[in-house]
Amino acid sequence: MAVRQTGFALLSSHSVQESFDLALASHIATLLCSVPFVHFFDGMRTSHEIQKCHALNDKQVKVVMDLLEDKIDEFRAKALN
């Protein structure tokens, strides 16, 4: 696993619901701690499972974005242009 030496934090999902939930969680964690995350999951397993997934709606994601607005601005200020 060559990614271990990069300094990225690793986040693994084992189900469809975890994949969905941890996708947003990894973005939040990256913004709060300034450490990049690699969120990985078994694509074959998650794509072939028949499982109901509770998805967040746009309003719920917007609430998270509003709470992290200052962190998002800090992140964007660090970007290369």
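These legends describe close-up views of a predicted model.

**View 1. Confidence along the predicted chain.** The protein chain has a mean pLDDT of 87. Of its residues, 98% reach 70 or more. Where pLDDT is low, the predicted coordinates should not be read in detail.

**View 2. Strands E1 and E2 side by side.** Strand E1 spans residues 9-13, and strand E2 spans residues 37-41. The two run parallel. They are joined by 5 bridges. Between E1 and E2 the chain passes through H1, and this β-α-β crossover is right-handed. Ser-12 has Phe-40 of E2 as its bridge partner. Leu-10 stands opposite Val-38, also a residue of E2.

**View 3. The loop between H1 and E2.** Ser-34 sits in this loop. Its phi is positive, about 60°. Ser-34 takes this value although it is not a glycine.

**View 4. The largest pocket.** The space in this pocket comes to about 160 Å³. H1 provides the largest share, 6 residues. Among the lining residues are Leu-24, Ser-26, His-27, Ile-28, Thr-30 and Leu-31. Phe-37 also lines the pocket, as do Val-64, Met-65 and Leu-68. Ile-72 and Phe-75 are lining residues too.

View 5. The whole structure contains 1 salt bridge. Its partners are Lys-62 and Asp-66. Their closest N and O atoms lie 3.0 Å apart. Side chains of opposite charge can pair when their charged atoms come close. Lys-62 and Asp-66 are 4 residues apart in helix H3, so about one helical turn separates them.

Notes. Residues are numbered from 1 along each chain as its sequence is written. This is a predicted model: local features need pLDDT of at least 70, side-chain atom pairs count only at pLDDT 80 or more; totals for chains, interfaces and linings use all residues. Side-chain values use heavy atoms; hydrogens and water are left out. On a 1 Å grid over the protein atoms alone, a cavity is a set of points where a 1.4 Å probe fits but cannot get out, and a pocket is an open set with protein on both sides within 12 Å along at least five of seven lines; lining residues have an atom within 4 Å of a point. Grid points are joined across faces, edges and corners, and a volume is the space filled by probe spheres set on the points. Two strands pair if DSSP finds at least two bridges between them. A crossover is right-handed if, with the strands pointing away from the viewer, the path from the first strand over the helix to the second runs clockwise. pLDDT is the predictor's confidence in each residue, from 0 to 100. A salt bridge is a side-chain nitrogen of Lys or Arg within 4 Å of a carboxyl oxygen of Asp or Glu.
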